[in-house]
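I am opening a notebook on a structure that is new to me. My entries follow what I looked up, step by step.

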Amino acid sequence: MKSFYPKKSSVLMLSPLALAIFVLQPVQAVAFTATVEKGAVVDGEVVTAGQQNIGAGGTANNSLIEAGGTQAVFLHGVTNDATVNGRQLVQSGTANRTVVNLGGSQLVGTGGVANGTVLNGGSQTVQNPASSVSDTEINAGGVQTVTLGASAANTVVNEGGVQTL
């Protein structure tokens with residue numbers, strides 16, 4: 001008579017604490033779309049390092065630009081509702097409702113437009129006669145610099161914010 005024994009299972013056993021630690025780890029995006037153009041739309045991307053280019057009809061919504069990351073908006077590209085802890089460059093593109101936090105910066109260059117930016121300790125530089133910003137709110141620690149010939153309309157400077165014209 002032949003005996004059959006079940007094969008040993010290769011199940012990984014974790015203690016409840018180890019399992020809880022593993023399950024509760026935050027999920028981080030490790031990749032983002034490097035170039036968004038020609039009608040493409042991306043949503044909720046996280047740029048931790050490197051540069052994301054939005055151009056030629058592309059749109060990025062709800063982006064998070066971390067320190068060390070850059071989002072560049074060119075050639076009629078659009079970004080909406082971004083949070084910037086790193087760097088955002090808007091040149092011949094449009095940025096709508098961007099929040100720039102401490103350590104973050106928004107540079108609005110040639111042909112760039114920024115609408116509804118909120119500076120929470122971050123900076124905004126408007127550096128060219130062909131660039132414009134509107135409806136900017138400058139909170140404590142935030143700095144807006146508007147160079148000769150550039151346009152800034154409807155700016156609100158709250159306590160602790162700075163606007164340099």
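**First look**

I began with burial: of the 165 residues in the protein, 35% are buried. Buried here means under 20% relative accessible area, exposed means over 50%, and partly exposed lies in between, with a 1.4 Å probe and protein chains only. The accessible surface comes to about 9300 Å², and 60% of that belongs to carbon and sulfur atoms. Those areas come from the Shrake-Rupley method with a 1.4 Å probe; for residues, only the protein chains shown count as cover.

**Ground rules**

I keep in mind that this is a predicted model, where local features need pLDDT of at least 70, side-chain atom pairs count only at pLDDT 80 or more, and totals for chains, interfaces and linings use all residues. Residues are numbered from 1 along each chain as its sequence is written, and side-chain values use heavy atoms, with hydrogens and water left out.

**Confidence**

I checked pLDDT, the predictor's confidence in each residue from 0 to 100. Its mean over the protein is 86, and 82% of the residues reach 70 or more. Residues 3-15 are below 50, and this stretch has one contact beyond near neighbours in sequence. Contact means heavy atoms within 4.5 Å. Residues 17-25 also stay under 50, with one contact beyond four places in sequence.

**Strands and sheets**

I counted elements next: the protein has one helix and 22 strands. These are DSSP runs numbered from the N terminus, helices (H or I) of at least four residues and strands (E) of at least two. Two strands pair if DSSP finds at least two bridges between them.

I traced an open sheet of eight strands, S1-S4-S7-S10-S13-S16-S19-S22, with parallel pairing. Strand S1 (35-36) and strand S22 (162-164) stand at its edges; each has a single partner strand, so one side of each lacks a neighbour in the sheet.

I then followed some pairs in this order. S7 (residues 69-73) is joined to S10 (residues 87-90) by four bridges, and Ala72 has Leu89 as its bridge partner in S10. Four bridges also join S10 to S13 (residues 105-108), where Ser105 is the partner of Arg87. Further along, S16 (residues 123-126) meets S19 (residues 143-146) through four bridges. There I found Gln124 bridged to Gln144.

Another open sheet has seven strands in the order S3-S6-S9-S12-S15-S18-S21, and the pairing is parallel. Its edges are strand S3 (46-47) and strand S21 (156-157), each with a single partner strand, so one side of each is left without a neighbour in the sheet. Inside this order, two bridges join S9 (residues 83-84) to S12 (residues 99-101). Thr83 has Val99 as its bridge partner.

I also looked at sequence range. Among contacts between residues at least 6 apart in sequence, 3% join residues at least 24 apart.

**Core and a buried serine**

Which residues form the largest nonpolar core? I listed seven: Val36, Val42, Ile54, Ala60, Val73, Val90 and Ala95. Such a core is a set of buried Ala, Val, Leu, Ile, Met, Phe, Trp, Tyr and Cys residues joined through side-chain atoms within 4.5 Å. Beyond four places in sequence, Ala95 touches residues including Val90, Val113 and Asn115.

Is Ser134 buried or exposed? Ser134 is buried, at a relative accessible area of 16%. I place Ser134 in strand S17 (residues 132-134). Its side chain makes a polar contact of 2.9 Å with that of Asn115. A polar contact is a pair of N or O atoms within 3.5 Å; within protein, one must be able to donate a hydrogen and the other to accept it, and residues adjacent in sequence count only if both atoms are side-chain atoms.
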